[in-house]
Amino acid sequence: MLYKHKILFSRKRTGSPVRPFVPAAALLSAFLISGCAPEEESGNESPSSEEENETDENEEQPEEETSEPDTPSAYGVSAGHPDAVDAGMEVLEQGGNAADAAIAAAYAVSVVEPFASGIGGGGSVLIHEQGEEPQAYDYREVVPETGIPSSDIGVPGFTAGMNEFHADYGNAEWEDLLDPAVALADSSEVSDLLADQLQSGADSLPISQLPHLYPNGVPLEAGSTVEQAELAETLRDIRDNGSSTFYEGTAGESLAEQIEGLDATSLADFEVGSHEPSIGTFAGYDVIGAAPPLPGISVIQMLQILEERGSAEAERDSTEFVHDTAMSWRLTSQFIETDYGDPNFVDVPVDELTDPEQNADLAEDISSDSLASGQPSSYAGGDPNTTHITVVDEDGTFVSMTNTLTNFWGSGEYADGFFLNNQMDRFSIGENSMNEPEPGRRSVTWSSPMLVADEEGPVLGIGSPGGERIPIMLTQVIADWASDGTSLEDAVESPRFHLDDSALIMEEAPGAEQREELLSIGYSGIEEPPTPLYFGSIQALALDRETGELSGARDTRREADFQVTVND
């Protein structure tokens with residue numbers, strides 16, 4: 001029996017480690033069996049033959065159910081940078097759980113990739129314990145009390161989100177989770193990607209404030225050492241004094257003084273969002289996405305459309321799969337324009353949008369020999385940013401977390417060692433009041449942490465950077481992995497594609513015959529990706545329920561990495 005589409009959100013504020021799930025039937029059965037014997041009888045005593053004869057041979061005896069969800073004999077971390085993977089794995093090896101490891105990895109990656117995420121931004125996370133219901137947190141930025149400033153900076157939520165997630169699910173000491181990030185801020189190596197972003201971002205960044213990144217005005221080169229003293233000091237403040245310092249303490253006061261729009265009231269009033277995840281069925285699984293206004297719903301819709309059309313099992317590079325996936329994005333992206341918004345302010349019809357029957361009806365709008373009708377996105381696009389982290393611990397708990405500054409380097413504004421987001425720009429998405437800014441409100445955007453679960457619990461955690469391409473990329477990989485039996489490594493490595501207006505952007509150019517097929521359907525062109533980073537970087541871990549094997553995939557499109565350790 002699959003999880004219901006609608007679940008109750010239940011906070012679990014505890015510092016205890018995750019415990020294995022024991023089915024209620026097993027507990028009840030054990031209770032009944034133990035309660036039948038007199039207290040003075042030893043469990044080692046056998047009944048006499050006379051007592052045995054008194055037992056009705058035809059009477060059915062209760063069966064003791066002792067089965068538990070199969071959990072992996074391994075644990076692992078997949079993240080956008082090897083140093084983040086190392087930070088998360090160190091926590092797991094020292095007895096921390098998946099929530100702890102994700103927090104450590106998130107802080108670490110924000111140091112070595114300061115252009116992608118960090119304490120000046122926000123994010124969202126899903127956590128799913130085996131045998132339990134998934135939970136979602138939204139700690140993305142909100143509109144300040146005074147409205148959106150010209151910089152599009154929103155009230156950062158990263159630090160509050162990490163703190164609340166740790167309070168609810170963490171097991172390790174808070175200080176231990178920040179230590180790797182502090183060490184990296186003191187000294188780390190400039191990666192190829194960071195060097196590239198320093199070079200390309202030079203015209204939009206306040207270089208005079210960044211001598212540690214631009215010594216003598218020249219960007220650091222790959223392989224050189226970077227020392228981020230201001231960031232290290234801020235991280236030590238958060239490590240030693242908790243997240244409250246960022247909103248009502250020294251760090252918050254400094255931020256309010258330096259950054260227009262981030263007043264003390266807006267910082268003090270920030271609250272982490274806690275809504276039900278979006279859940280829908282596909283290929284016998286539950287597909288779990290973050291709550292609105294994030295587009296996990298869109299991934300569910302696209303998968304259900306592909307399943308209805310029978311193209312989910314087609315070859316990934318086939319015209320059938322490419323066309324049906326592109327058209328499913330064209331159809332479902334319209335709902336982002338008209339139906340998505342912050343659930344604290346508007347009603348989002350999640351159950352309707354994730355209903356397989358309604359999406360089966362939507363699939364009928366796709367023809368094999370023409371393009372479905374649809375309007376271009378209202379959003380003009382932006383840098384393919386964000387960073388994703390997937391963690392699985394030895395209890396089989398999955399965490400899927402996406403963090404971002406929005407565009408690369410966010411707003412470009414810098415304070416106390418970190419860059420500020422430009423998330424408020426995403427209020428330009430949409431055609432009506434569903435995504436209108438007001439104080440405390442979160443915008444529609446493209447980040448989309450996802451989980452896939454079978455009857456016993458989670459078996460896949462996945463997410464990616466990539467801006468507007470995130471939903472269609474995740475759809476391609478999940479469909480490949482879940483419906484066609486493709487290995488996670490092959491599903492991640494397969495070439496990706498995206499629909500931009502009526503043009504197909506394809507990572508690998510089709511052959512001449514397929515090109516003509518696609519153009520004859522009505523596509524305006526077949527184009528190459530405009531940048532090498534266009535198709536993101538999938539961070540995923542998958543559990544084979546039968547063998548207990550945990551697998552990952554290294555997405556070579558960026559500097560991502562993963563580690564999986566077998567538990568002896």
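1. In this predicted model, Phe497 is a buried residue, because its relative accessible area is 2%, and buried here means under 20%. Phe321 is likewise buried, with a relative accessible area of 1%.

2. The rings of Phe321 and Phe497 form an aromatic pair of the edge-to-face kind, with 6.2 Å from centre to centre and 85 degrees between the planes. This pair connects distant parts of the chain, since Phe321 belongs to helix α13 (residues 319-339) while Phe497 belongs to strand β14 (residues 497-500), the two being 176 residues apart.

3. A further pair is made by Tyr534 and Phe535, whose ring centres lie 5.0 Å apart with their planes at 85 degrees, so this pair too is edge-to-face. Tyr534 counts as buried at 7% relative accessibility, and Phe535 is buried as well, with a relative accessible area of 2%.

4. Taking the aromatic rings as a whole, the count of pairs comes to 16. One aromatic cluster is formed by Phe115, Phe408, Trp409, Tyr414 and Phe419.

5. Glu364 counts as exposed because its relative accessibility is 64%, and exposed here means over 50%.

Technical notes: Residues numbered from 1 in each chain as written. Predicted model: local features only at pLDDT ≥ 70, side-chain atom pairs only at ≥ 80, totals over all residues. Heavy atoms only, no water. Buried < 20%, exposed > 50% of the residue type's maximum accessible area, 1.4 Å probe, protein only. Phe/Tyr/Trp six-rings, centres within 6.5 Å; stacked < 30°, edge-to-face > 60°. Helix = DSSP H or I, 4+ residues; strand = E, 2+ residues; numbered from the N terminus.
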